[in-house]
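Reader: Let's go through the labels used for this model, and I'll ask what stands behind each of them.

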Amino acid sequence: MRKHTVRTAVTLCAAALLTAGLGTASAAPATSPSSAHGAGAQPQPRQPVLVDCAFQPHARPDAFILACGDGNSRLASLHWQRWDGRTAVARGVNLVNDCKPYCAAGEFHSYPVVVRLAHPEPWKKRPQVRQFTQLTLTFTGARPAGYDRVVTLPLWS
């Protein structure tokens, strides 16, 4: 019984810290394109950005959360080979929680991926800025159960 109480307390503390971090990120100045996950490069004029869960723009972030609601899928160790007006391509890892026996007690597993961003369009929040609207993951080795080798996702705006 004590084991579950400690696990619950740790989970609640982690959730509180994550919530505090997102609150801080969402309070960042609207002109700040640096990555909330690490130092990201400044976007070049007219080059599209990647918009994160806190609706902040980033160019070449080293990490990115895919599952905004619970953080159970995220990209890390991103190394960008290309970032231009049409596409962006990086290598990195997709960290995915197996949620066994449930997500709070689950374990994250690392899967190597190639990330491709595409289809830049005007960002609804700031129409003068273009954002990538599609993300494609290509798993280059093992992949999570139930995932295809290539997964294409729409990005929020």
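Reader: How much of the chain counts as buried, and what makes a residue buried here?

Author: Of its 157 residues, 35% count as buried. The label means under 20% relative accessible area, with over 50% called exposed and anything in between partly exposed (1.4 Å probe, protein chains only). Keep in mind that this is a predicted model, where local features need pLDDT of at least 70 and side-chain atom pairs count only at pLDDT 80 or more, while totals for chains, interfaces and linings use all residues. Residues are numbered from 1 along each chain as its sequence is written, and side-chain values use heavy atoms, leaving out hydrogens and water.

Reader: How many helices and strands are there, and how do you know where they run?

Author: The chain has one helix and eight strands, in the order α-β-β-β-β-β-β-β-β from the N terminus.

Reader: What makes strand 5 and strand 6 a pair?

Author: Two strands pair if DSSP finds at least two bridges between them. Strand 5 (residues 88-97) and strand 6 (residues 108-122) have 10 bridges and run antiparallel, so they qualify. For one of the partners, look at Val96, which is bridged to His109 in strand 6.

Reader: And what about strand 6 and strand 7?

Author: Nine bridges join strand 6 to strand 7 (residues 130-139), again in the antiparallel sense, so that pair also meets the criterion. At one spot, Pro122 stands opposite Arg130 in strand 7.

Reader: Which peptide bond is cis, and what value goes with that?

Author: The bond joining Lys100 and Pro101, where omega is about 0°. Pro101 sits in the loop between strand 5 and strand 6.

Reader: What makes Ser77 and His119 worth a look in the backbone angles?

Author: Ser77 has a positive phi, about 55°, although it is not a glycine. His119 is another non-glycine residue with a positive phi, near 55°. Ser77 belongs to strand 4 (residues 73-83) and His119 to strand 6. Ser77 is called partly exposed because its relative accessible area is 45%, and His119 gets that label because it comes to 45% as well.

Reader: Why is Asn72 called buried?

Author: Its relative accessibility is 12%, which is under 20%, so it's buried. Asn72 lies in the loop between strand 3 (64-65) and strand 4.

Reader: How do you know that the Asn72 side chain makes polar contacts?

Author: A polar contact is a pair of N or O atoms within 3.5 Å; within protein, one must be able to donate a hydrogen and the other to accept it, and residues adjacent in sequence count only if both atoms are side-chain atoms. The Asn72 side chain reaches that of Asp70 at 2.9 Å and that of Asn97 at 2.8 Å, so these pairs fall within the limit. Using plain contacts (heavy atoms within 4.5 Å) and skipping neighbours within four places in sequence, Asn72 also meets others, among them Leu95, Cys99, Cys103 and Phe108.

Reader: How many salt bridges turn up, and what makes a pair count as one?

Author: A search of the whole structure finds one. The term takes a side-chain nitrogen of Lys or Arg within 4 Å of a carboxyl oxygen of Asp or Glu. Arg82, at 33% relative accessibility, is partly exposed, and Asp84 is partly exposed at 22%.

Reader: What makes the nonpolar core a core, and which residues touch the most other members?

Author: A nonpolar core is a set of buried Ala, Val, Leu, Ile, Met, Phe, Trp, Tyr and Cys residues joined through side-chain atoms within 4.5 Å. The largest one has 21 residues, and Leu75, Trp80, Trp83, Val115, Leu117, Leu135 and Leu137 touch the most other members. Strand 4, strand 5, strand 6 and strand 7 each supply at least two of its residues. Beyond four places in sequence, the contacts of Val115 include Leu75, Trp80, Leu135 and Leu137.

Note on methods: Helix = DSSP H or I, 4+ residues; strand = E, 2+ residues; numbered from the N terminus.
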